[in-house]
Amino acid sequence: MRNLFRSNQREAIAIAVLSVLLALYLATHPSGPNTYVMTIWANQCLILALAAIAQFFAVIVRGIDLSVGAVMALTNCVASYLVIGSGLEMGLGIVAVLAVGIACGLVNGALVVFGRLQPIVATLATASLFVGLALLLRPTPGGQIDYDLADAFTLDVLGIPTALIIAAAVVGLFWVPLRRTGLGLGLYAVGSSEQAAFQSGMPVPVIRLASFAMGGLFAGLAGLYFSFVTTTGDAGIGPNFTLNSIAAVVLGGVALRGGVGTLTGAMAGAFILKTIGSLMFFSGLPPLAQPFIEGLILAGAIAIGGAGVLRVKNRLEVFAQ
Amino acid sequence: MSRSEHPIVHLRGVSKVYGATHALSDVDFSCYGGEIHAILGENGAGKSTLMKLVSGVIQPTAGEIEIDGELTRLKGPSDAISRGLICMFQELSLVPDLSVRENLMLGAVGTGLGRLNADVVKRAQDILGQIDGEAIGLTTRVADLTLAERQQVEIAKALTRDPKLLILDEATSALNASVVEKVFRLIRAERDRGVGVLFISHRFHEIETLADRISIFRNGAHVETFDNGAYDYGAIISKMVGQRIDDLFPAKPKADPDADEVLRLEAFGWSDRLQDISIVLRKGQITGLGGLDGQGQGDVLQGLFGLLKGTTGRCLIGETEVSIRHPKQAKDPKLGIALVPEDRKTEGLILDQSIARNLELAALGTHGIDAADKTIYQPFLDALELKCDSLDQPVSQLSGGNQQKVALTKWLTLGPRCMLLADPTRGIDVKTKTQIYALLRRLADSGVAILLLSTDYEELIHLCDETHIFYQGRIVRHLTGKDVTAEAIIAASLNIPATTERSEAANA
């Protein structure tokens with residue numbers, strides 16, 4: 001039991017912090033806790049959560065992805081052309097959007113695995129590339145997403161925000177099964193000790209490539225969901241999401257050195273980050289002080305996660321953490 | 001027990017070249033099923049290179065490898081594993097951030113990237129139970145295990161992969177004698193089922209009890225293969241080093257029980273891990289710390305070096321009572337304590353940095369020593385005969401024995417009055433061992449007090465003047481003079497009073 005808590009400690013803290021923040025948000029919101037408020041909140045959170053998952057797949061294999069926002073911008077612009085028309089056209093359009101996301105992830109992965117570039121450098125370069133393509137597609141914001149389809153994904157089902165259902169589905173139908181496969185385990189093995197993974201007979205390059213591809217897929221999903229929320233295409237959305245996705249995974253207990261953390265943690269981190277932002281908006285604090293307070297809360301939340309260091313009685317173990 | 005007709009692995013004219021270094025040159029070698037084949041050689045003799053070739057980690061520069069009579073090129077470890085060539089590496093192949101359970105399932109036979117199979121966990125648990133590893137929690141992170149526990153998990157992991165050829169590279173180096181015996185029982189059972197075993201160890205008595213055949217390697221060449229028992233120790237060692245080493249251990253001068261005290265610990269304790277530890281270190285003496293792994297010996301060394309928070313009890317250096325709170329304070333010439341830690345690769349050295357940079361690390365910030373002056377290190381490097389191209393070479397390129405020489409020199413340069421050493425000869429070749437033993441004895445003769453933690457009871461018997469045996473965070477026995485026998489050490493390590501009395505009676 002102690003071990004179970006220990007290995008999930010960061011996630012447990014993240015979920016506790018999120019619960020407190022959400023309660024505060026709903027209590028202070030001018031129109032009170034209702035489905036509409038919850039839906040708006042959940043939609044905003046899910047966009048960042050999907051971006052954070054994309055970042056998670058890069059970080060877990062000891063990488064980092066600076067192109068998450070760029071892939072979102074590109075897929076958002078592609079969606080603004082293709083996700084409209086008949087049911088079949090929209091279906092193919094969504095497949096095309098996600099294929100673009102996976103392709104972007106594979107380009108990143110190939111540069112890292114075969115090009116032997118450091119992930120930070122490779123994705124910095126591809127980020128410009130992807131944004132460049134997005135700008136060619138949409139020099140100015142525009143285009144349109146099918147309204148009915150967008151509503152179906154961004155409103156609620158029986159009072160439960162659809163975004164929360166999607167979030168639960170990602171965990172239950174994607175993450176939990178993945179975690180029970182050699183690939184899911186391999187992600188951690190490669191991030192924690194590439195050498196040990198290799199000597200255990202794991203195909204390290206395949207795993208790393210697959211991880212970046214999954215990251216691309218989720219960046220594409222984030223771009224697609226962003227399209228549903230805004231129903232338009234905009235090539236300029238990238239930079240904010242890239243930085244926030246990194247903050248979200250750290251907040252969610254994913255170690256930037258790789259091999260530690262969960263997809264659920266990354267999602268929780270994204271929800272926390274977005275909720276803090278929303279709290280500020282309705283808090284009545286002077287707008288100029290809001291970034292400062294937001295930063296303070298962020299730093300505090302991360303510090304709680306690291307507080308275990310104070311209890312360590314052997315100084316050497318501090319370095320091992 | 002009878003060996004198979006055809007070799008499982010047959011190497012023909014195999015060479016491996018790294019840059020200008022010939023790690024293996026033109027080696028012919030074969031190993032058969034149903035026999036335990038020990039590989040002996042100094043560090044740098046090519047043993048590890050041979051193992052890496054057979055386990056698919058590296059590919060030969062020239063020559064051919066036949067597996068089960070079929071010419072094969074092993075593309076990688078997964079290729080080797082699928083052919084039943086299972087290696088337990090000296091560099092541990094466990095993933096630190098994953099739990100024991102997850103590590104056991106990682107890369108298990110038939111899993112690949114697909115669905116994980118929990119069956120191996122049950123089998124591994126069964127194996128762990130047979131080698132005193134039943135207390136290892138399956139949900140524990142590997143990073144939280146002791147070195148010995150990790151080796152136990154490694155052994156279980158290797159055996160669950162249905163080996164045809166089991167390759168053990170220093171697989172038992174951190175295990176104590178009673179666990180090693182149980183591991184050997186398992187290995188013999190594997191051999192009797194027809195599995196071939198390749199076994200590297202630097203502990204002679206282990207090879208003597210286990211091996212059916214022995215192959216000697218020297219400077220990347222296969223010198224000779226013979227049946228165990230065909231030659232005696234002396235002859236085997238001379239084949240390994242090309243010259244004869246008569247005595248592994250230096251002569252032990254008569255201990256002076258009234259020599260000046262250098263350091264005295266009284267009722268030293270730390271949380272629930274250490275209780276009531278009292279040790280006196282005297283000038284010119286080597287004091288041993290023995291016992292099973294993780295009984296608190298290592299904690300004493302760390303506590304003395306200021307690495308533990310919240311220690312209790314008294315610590316006297318000379319006549320003055322001190323409280324050591326930080327390594328910087330411990331290494332200060334006023335106290336003059338040095339610690340050569342157990343895990344030289346992570347705690348003792350910075351592998352990517354040059355030898356010179358590593359040597360400077362302890363001296364930096366120490367009063368009265370110019371760390372940048374390379375000449376201050378040279379006498380110790382000469383005494384230990386460090387083999388390197390230049391001091392600017394990264395430490396990672398050195399063999400294990402030479403790395404340990406760098407770690408030792410780094411601290412010797414400070415001229416400590418008290419040296420704490422945690423298993424300094426673990427996984428090190430015989431020649432380097434004798435050099436380290438001789439150096440420790442010379443240091444003691446020059447007045448340094450030495451506290452030596454060892455898992456090799458030969459060291460406690462032949463090198464140490466007195467020995468404290470630990471059990472569950474306490475010293476259960478203090479052995480001196482003629483009482484220090486293998487039987488007494490093992491009995492005390494297991495905290496068996498009856499045997500202890502018998503050995504006392506025998507000595508009376």
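The structure is a predicted model, in which local features need pLDDT of at least 70 and side-chain atom pairs count only at pLDDT 80 or more, while totals for chains, interfaces and linings use all residues. Residues are numbered from 1 along each chain as its sequence is written, and chains are lettered from A and ligands numbered from 1 in the order in which they are written.

We turn to the interface. Chain A contributes 29 residues to the contact and chain B contributes 36 residues, two residues being in contact if their C-beta atoms, placed from the backbone, lie within 7 Å. On the side of chain A that touches chain B, at least two residues each come from α1 (2-28), α8 (182-192), α9 (194-199) and α14 (315-320). Helices (H or I, at least four residues) and strands (E, at least two) are DSSP runs, numbered from the N terminus. Helix α8(A) gives the largest share of this side, seven residues. Sorted by class, the side of chain A that touches chain B holds 13 nonpolar, 13 polar and three charged residues; here Ala, Val, Leu, Ile, Met, Phe, Trp, Tyr, Cys and Pro count as nonpolar, Asp, Glu, Lys and Arg as charged, and the others, Gly among them, as polar.

Within chain A, helix α2 (residues 35-60) has 26 residues and spans 35 Å from its first C-alpha to its last, close to the 38 Å expected at 1.5 Å a residue; the expected span is 1.5 Å times one less than the number of residues. Because 20 of its 26 residues are buried, α2(A) is largely enclosed by the rest of the structure. A residue is buried if 20 or more other C-beta atoms lie within 10 Å of its own, exposed if 12 or fewer, and partly exposed in between, with C-beta atoms placed from the backbone. After α2(A) comes A:Arg62, with a positive phi near 60°.

Helix α2(A) packs against helix α11 (residues 238-251) of chain A at an angle of about 70°, the axes being 8 Å apart. The two helices are therefore roughly perpendicular. Axes are lines fitted to C-alpha atoms, for helices over the stretch in contact, and angles run from 0 to 180 degrees between N-to-C directions; angles under 35 degrees count as roughly parallel, over 145 as roughly antiparallel, 65 to 115 as roughly perpendicular and the rest as oblique. The residues of α2(A) that meet α11(A) include A:Leu48, A:Phe56 and A:Val59, and among those they meet are A:Phe241 and A:Ile246. This contact has 10 nonpolar, three polar and no charged residues.

In chain B, four strands form an open antiparallel sheet in the order β12-β11-β14-β15. Strands β12 (274-282) and β15 (320-321) stand at the edges with a single partner strand each, so one side of each lacks a neighbour in the sheet. Strands β11 (residues 261-270) and β14 (residues 311-317) of chain B run antiparallel and are joined by six bridges; two strands pair if DSSP finds at least two bridges between them. B:Leu265 stands opposite B:Cys315 in β14(B).

B:Leu274 lies in β12 of chain B and counts as buried because it has 25 C-beta neighbours inside 10 Å. Not counting residues up to four places away in sequence, B:Leu274 touches residues including B:Phe268, B:Val300 and B:Gly473. B:Gln472 lies in the loop between β19 (466-471) and β20 (474-480) of chain B, and its phi is positive, near 50°.
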